[in-house]
Amino acid sequence: DEKYGDLAKSIIGEVEMLAIASELEDDVVGYAPIVGTYSFELPNDAGAGELKVNIADDESIRFSLDVVAGPPAHNQGKLEGTAKMTAQNTYEFATNEYGGNCKISFSFQMDAVELKTLEGDPATCGFGNGVVADQTYTMTDADDPFLSAADAKTAKNLHGQWVSTS
């Protein structure tokens, strides 16, 4: 019957599209979520930090990092900038703004990011005495930390699957 033949062709087409979509999803599985706010807090008030991250473009992230060391001085450090992708889920930031070379690596895993100083010391990275950013930061909020509350709400409302009506 011609009617059933057309229906079978339609079903085969849908199955093929699902198979293609499934293959595309498999390609993306290795990427960790990045956008959000991350933090760490060491026991006994020994230090804490907060990292805010958003995607700047296909190959870089925008970040803002605040770190506080423990007692007695509770020295602080703040660093903002754009880090470039060097590998899947890994970005590097480099600066010589503070009188020496500083290079920091951001390695994203599921719901966390590990920061490592690859080059420099607290002073050359713009931090106070004894302040080190090296730590694993855990995601505390998956919203874009650089958006206002109103813009974040609008962005959430726009997120989803859109279908053309034409």
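How many aromatic pairs does the protein have? The count comes to 5 aromatic pairs, where rings of Phe, Tyr and Trp (its six-membered ring) pair if their centres lie within 6.5 Å. The model is predicted: local features need pLDDT of at least 70, side-chain atom pairs count only at pLDDT 80 or more, and totals for chains, interfaces and linings use all residues. Residues are numbered from 1 along each chain as its sequence is written, and side-chain values use heavy atoms, with hydrogens and water left out.

**Overall build**

- The protein has 2 helices and 8 strands. Both kinds of element are DSSP runs numbered from the N terminus: helices are H or I with at least four residues, strands are E with at least two.
- Along the sequence the pattern reads α-β-β-β-β-β-β-β-β-α.
- Of the 166 residues, 28% count as buried. Buried means under 20% relative accessible area, exposed over 50%, and partly exposed in between (1.4 Å probe, protein chains only).
- Of the contacts with a separation of 6 or more, 45% come from residues 24 or more positions apart. Contact means heavy atoms within 4.5 Å.

**Nonpolar core**

- The largest nonpolar core has 27 residues. Such a core is a set of buried Ala, Val, Leu, Ile, Met, Phe, Trp, Tyr and Cys residues joined through side-chain atoms within 4.5 Å.
- Two or more residues each come from β1 (36-41), β2 (47-57), β3, β4 (76-87), β5 (90-95), β6 (102-109), β7 (112-119) and β8 (135-141).
- Strand β3 gives the most to this core, with 5 residues.
- The residues with the most contacts inside the core are L51, F63, L65, F106, F108, L115 and Y137.
- L115 is in contact with L51, L65, I104, S105, F106, A133, D134, Q135 and Y137, leaving aside its neighbours within four places in sequence.
- In soluble globular proteins, nonpolar side chains tend to be buried together.

**Aromatic pairs**

- A pair of aromatic rings is described by the distance of the centres and the angle of the planes. Planes under 30 degrees apart count as stacked, over 60 as edge-to-face and the rest as tilted.
- Of the 5 aromatic pairs, one is F40 with Y137: the centres are 4.9 Å apart and the planes stand at 85 degrees, so the pair is edge-to-face.
- This pair links distant parts of the chain, with F40 in strand β1 and Y137 in strand β8, 97 residues apart.
- F40 counts as buried at 11% relative accessibility. Y137 also counts as buried, at 0%.
- Y91 and F108 form an edge-to-face pair, 5.9 Å centre to centre, with 85 degrees between the planes.
- Y91 lies in strand β5 and F108 in strand β6, so this pair ties together parts that are 17 residues apart in sequence.
- Y91 is buried at 4% relative accessibility, and F108 is buried at 3%.
- Y38, Y91 and F108 form one aromatic cluster.

**Disulfide**

- The count comes to 1 disulfide, defined as a pair of cysteine sulfur atoms within 2.5 Å.
- C102 and C125 form it, with their sulfur atoms 2.0 Å apart.
- The link joins distant parts of the chain: C102 is in strand β6, C125 is in the loop between β7 and β8, and they are 23 residues apart.
- The torsion about the S-S bond of C102 and C125 is about 100 degrees, so the disulfide is right-handed.
- Both C102 and C125 are buried.

**S60, a buried polar site**

- S60 lies in strand β3 (residues 60-69) and is buried, with a relative accessible area of 1%.
- The S60 side chain makes a polar contact with the side chain of D57 (2.8 Å). A polar contact is a pair of N or O atoms within 3.5 Å; within protein, one must be able to donate a hydrogen and the other to accept it, and residues adjacent in sequence count only if both atoms are side-chain atoms.
- Leaving aside neighbours within four places in sequence, S60 is in contact with I55, T82, A83, K84, M85 and Y91.

**Other local features**

- The charged end of R62 sits over the ring of F146, 3.7 Å from its centre. The rule asks for NZ of Lys or CZ of Arg within 6 Å of the ring centre and within 35 degrees of the ring normal.
- Helix α2 (residues 149-158) has 10 residues, of which the number buried is 1, so the helix lies largely in the open.
- Just after α2, G160 takes a positive phi of about 145 degrees.
- G130 is in the loop between β7 and β8. Not counting residues up to four places away in sequence, G130 touches A69 and P122.
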